[in-house]
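Have the viewer ready and follow along.

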Amino acid sequence: MSNDIDHEGPSRNVVDERHPVADPGLEEHLPRPTDVDEKAARRAELQVTGLFAVVPLLAIAFVVIYFAVPREMYVEFGALHANAQHVGLGVTLGLAILAIGIGAVHWARQLMSDHEIVEERHPATSSEEDRKATLAEFDKGVEDSAITRRKLVGRSLLGALGIVAIPAVVTLADLGEWPTPTRIGETLEKTIWGDKRNPEDPGVYIVNDVTYKRIKAADLRIGQLVNAEPENLQDYHGHHLQTEKSKAALVIVRMEPSRIKVPESRRDWQVGGILAYSKICTHVGCPISLWEQQTHHLLCPCHQSTFDLGDSGVVVFGPAARALPQLPIAVDDEGYLYATSDFTVPVGPSYFERDSTKDFKKGDN
Ligand code: FES
């Protein structure tokens, strides 16, 4: 069978300065068994269909494993200690994608047209003629793919691709519960600063986040900043610990009382110039503790938002739109600092449902 398309026109075999070696052109096209034997073509069609048909079974196995295999179950592969559910999900999803891939390659090699095609170089802008030719080529490609004649292959591929999406949908369950207003109130908008450890405690004690010891007001020097956390954080473990720690992180600062502005509504929130603020930037949530003693400014290293801790944490520079939430604090009979309640506004970055009416704004009293 001869080539359908001439490689370089009439000059192809001409040897000149630009073409010192003659171009032998394309090799003669040899038909495949599936081109000349309908039985072989049918066999290839069934093989491709079989590969695509395995995909729904693997997708079902994926879903069954997701729900049936306990998350705490582990399997041993030699030195490897692996989570059984992860292994099962990986193997089934991997095999499903592999089956689609092998099926598609087999289809292309055995059933689609394999006539050699040479694409001529042309200017970047396509002419109207070229566009028409492209559309015609596309239609020919559809025809050559045999999808219109061998409907079984096309349908089984569509079915396989549709069903393989199910595992992806199932895993959306791991994104957590739907964020209803109640759920948001119990999670995003609440920290453990409001949960007393013992009923007899006056509030949640503030501890140093390195030594885990309670902080005594008298031990803080003017100008000092201490990173702190709630004492009851020690009762949490695993991902609960990380979640609560990230929301409750705190900075305690001590400033000269005569050099700070304390609004009337927050008069009881501080102890002789000692104030406590969320350590989480209200821009996009970086932890902050770059403290400038002289100006009372706290700088976020991520995008340089700057908060004035001597003025209720209002923003004085940068992209943050809200003041740093302040935590109301007091001292017990022995002089240890504790939180008298949770933050009165949610900590961290904004989100769609957030009510910003309670946020402190410069000039509020
Ligand atoms: S996260 Fe703090 S300024 Fe962007």
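How many of the five residues of β6 are buried? Five of the five are, so to speak, under cover: β6 is mostly covered. Here a residue is buried if 20 or more other C-beta atoms lie within 10 Å of its own, exposed if 12 or fewer, and partly exposed in between, with C-beta atoms placed from the backbone. Strands (E, at least two residues) and helices (H or I, at least four) are DSSP runs, numbered from the N terminus.

Before going on, a word on the source. This is a predicted model, in which local features need pLDDT of at least 70 and side-chain atom pairs count only at pLDDT 80 or more, while totals for chains, interfaces and linings use all residues. Residues are numbered from 1 along each chain as its sequence is written.

Back to β6: I274, A276 and S278 point one way, L275 and Y277 point the other way, and all are buried. Two strands pair if DSSP finds at least two bridges between them. β5 and β6 pair in the antiparallel sense over five bridges, with V253 opposite L275. β6 also runs antiparallel to β11 (residues 326-327), joined by two bridges, and there Y277 stands opposite Q326.

Next comes the core. A nonpolar core is a set of buried Ala, Val, Leu, Ile, Met, Phe, Trp, Tyr and Cys residues joined through C-beta atoms within 7 Å. The largest has 43 residues, of which I206, L250 and I252 touch the most other members. Strands β3, β4, β5, β6, β10 and β13 each supply at least two residues of this core. Leaving aside residues up to four places away in sequence, I252 touches I206, I215, L220, V226, A228, I274 and A276, where contact is C-beta atoms, placed from the backbone, within 7 Å. A second, separate core of 18 residues includes V48, L111, V153 and A160.

For a contrast, look at helix α4 (residues 128-144). The number buried among its 17 residues is zero, so α4 lies largely in the open. Just after α4, A146 takes a positive phi of about 70 degrees.

Finally, consider confidence: pLDDT is the predictor's confidence in each residue, from 0 to 100. The chain's mean is 89, and 95% of its residues reach 70 or more. Over residues 1-11, however, pLDDT stays under 50. Where pLDDT is low, the predicted coordinates should not be read in detail.

Notes
Two residues are in contact if their C-beta atoms, placed from the backbone, lie within 7 Å. The expected span of a helix is 1.5 Å times one less than its number of residues.
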